[in-house]
Amino acid sequence: MRIFLATLLTLLAVNLYAYTVKSVKYDGMVHMSESVASRMLKFEIGDNVDDKMIDESIKSYFKQGYFEDIWVDLDEDGILTFHFKEKPLISKIELKGWKENDTEIRDSIIQIKVGALYDEKKLEAAKKRIIEAINQEGKIDSVVEILKERLDNGSMHITFLVNEGAEIVIKELAYSGVSGLETENFDEVIANKQREFMGWLWGRNDGKMKVEDLAYDPLRIRDIYMQHGYLDIDVNEPFVKVNFDNYTADMSYQIKEGEIYTISAITIEQQEHVIDDILIKEQIQLEVGKAFNVQTFRDDSQKIKTLIADLSYAFVQVVPDLKKDKENKTVEVVIKVIPGDKVKIRNVIISGNNRTLDRIIRRELYLGPGDMYSLTDLTDSRNALGRLGFFDGNTIEEKRVDNKNIDLIVKVKEAPTGNIQLGGGYGSYGGILISVAVDDRNIWGSGINVGVKAERSELTSNYSFNISNPRLNDSDFSGNFSIYTSDYEYDDYIVMSDGLTLGTGHRFTRFVSGYIGYGYSNNSYDIDENSTYYNDPYYENYGKSSITLSVKFDNTDDFYLPRKGFTFSQSFENAGIGSDAKFFKSGTSFGAYKGFEEYLGFDLIARYKAKLNYVKEMGYLPIAERFYLGGIGSVRGYESYSLAPTIEDLDEEDGVRRVGGEYSATNSLEFSFPLVPKAKMRLVTYLDWGYIGTTEDSRDDYLVKNISRGGVGAGLEWFSPVGPIQLMFSKPLGEEEGDKTAAFEFTMGQRF
């Protein structure tokens, strides 16, 4: 009886508060359409609706995240109206106190864009991400305050005000259980190091804790041990004790080394026999009887993978299996090769080239639709695109279609290849100078290099035009043509030169190309009869007609900033074909480039460059065809062309006349460091050394016949919007009286 009465009362209550809805209206709704809103209702028009059903509908609207408030009213005609107050839009987002001008950080950490709806939960989540990012930099007790301002237009201005915490400095770093290796080996790989004396000095350890690396440092230490055969090595997570009074920390590692394992055997297991085991073993540097080295094993595995992948097995896997004999402390190295199926290139898709024509990119690729896959061809294609100098970067992604087909996605990021220079100036010697120059290495995206220059001052003029095509009609042949005319007026004479060059080349292999060219120039002097240079044999008018043969090797990965590979070139010039100048000239250059980012964790690049030049007089060797050192590309710290054998000349300002050398050699060692990566600025340090001299059968009235000088310094390498620029600050080495030194130099458009 009680249950029946309670049920009856409940039914009466429900019917008492039920409404018949004849239509539904929406007021103030912008971000959601009425049709979508209608589908989200928990009832149909014409139904008897109670408060619970309306509440369920309101909750479903709130879940969409668009609204601050929702309320309803029902008029006498049965019209139910939903009223919405939408969340305001965020019209401005600022980050103050930390990474203020870093838009990438703002986008990746805050993850809220202008135009998004105001959401308290998203703001709090962004706040936590900022604090976590600062903590990863080794700073603790950071505070982030969110300032919210509603603007007149109803939108929100959000400011994340950051008060960075203090950095933790590692005062002491201890290792327990280390006996087989020196702890100094660990400092080469770990990120968290003990602070050294004068740690603020460049090259010293500042001891600042890098929280994001705490989990990886034990793995790095373990890897060092594995490189020395310690296969049972166990490195625990570091114990860190922080003193919050002065924000210093003590760290310690517990290490169990174990024993060194020597290699007892090396076994090859091919899941499917696709290549002779002997060819695989030729790639292996590990040796039976010697300690196991995990780094050598990785290198061997990559070589084996390349070997198999070059046979079109794009999805090959090289799986290691180390069978340890703990009793005898030996290990059998089993290399399992799982080749998969042979793979063909289905399609090559190019993207990112808004300017450069597709065919310019495709002609540098060694893989195309229908070709069988080759890992070496893929790598060489990436490097070939880099050597063009048209792109800031390039990637070739492998998109798997099925087990036997892949697509190659070539993504390039175009770099500025041309510039227009409009300039003027005033010099104490030349007076007012006006210069106009247009230069583009990839004009209209065609891969053709065109340059035009016009320069005029009170005492000088220089006009030139050059054009070259490295791939004539997309073939392996190249061609070039240039023409120039110039006048230079000195105190007592004027030098006038007109000339042209033309030639053709051919690419014999991926890295080797040859060239043959012809050049002609007419060089004359206009000298006052009262000048000391009148009838001077060094200033005889002459014409030069010469043929040049050259060969070049280049397997670097980038034109302007190579990080791996070598360059080598050898040229021979023979002058004397129907002209006054008769000589034979040889030029040799070499370059080696190595990036160390994978070893050091930052983009350090080492470069070594060398040049060797020799000229032999075969009848007449003009002074302008001899060699001179000094300046960028030679010996920095000395003025350009200022280093050369000299003879006495009292009419010259310094009492000597530089008459050039007949052979020269230069060496340069450089280290390039990232300075401001986002601005594409790098710091370079360098050491130059050069030697220039004359042959034994030369004239015997030289004041100085042989010169050896060096230079050391630092500079800025900058990929500016108008092209690569180098600013060099140098100190000469071995300076002697009368030398012309230069503390600062710059150049634009040259390869670093």
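Which residue forms a salt bridge with Arg-682? The close-ups below explore this pair and some others.

This is a predicted model, in which local features need pLDDT of at least 70, side-chain atom pairs count only at pLDDT 80 or more, and totals for chains, interfaces and linings use all residues. Residues are numbered from 1 along each chain as its sequence is written, and side-chain values use heavy atoms, leaving out hydrogens and water.

**View 1. Arg-682 pairs with Asp-603.** The closest N and O atoms of this salt bridge (a side-chain nitrogen of Lys or Arg within 4 Å of a carboxyl oxygen of Asp or Glu) are 3.0 Å apart. Arg-682 sits in strand E35 (residues 681-693) and Asp-603 in the loop between helix H12 (597-600) and strand E31 (605-620), so parts 79 residues apart in sequence are tied together. Helices (H or I, at least four residues) and strands (E, at least two) are DSSP runs, numbered from the N terminus. Arg-682 is buried at 6% relative accessibility, and Asp-603 is buried at 12%. Buried means under 20% relative accessible area, exposed over 50%, and partly exposed in between (1.4 Å probe, protein chains only).

**View 2. A salt-bridge network.** Shared partners join Arg-607, Lys-609, Arg-636, Glu-670, Asp-688 and Glu-717 into one network.

**View 3. Asp-476 meets Arg-507.** Their side chains form a salt bridge at 3.4 Å, N to O. Asp-476 lies in the loop between strand E24 (460-469) and strand E25 (477-489), and Arg-507 in strand E26 (residues 493-507), 31 residues apart.

**View 4. Arg-220 meets Asp-213.** This salt bridge spans 3.0 Å, N to O. Arg-220 is partly exposed at 28%, whereas Asp-213 is buried at 13%.
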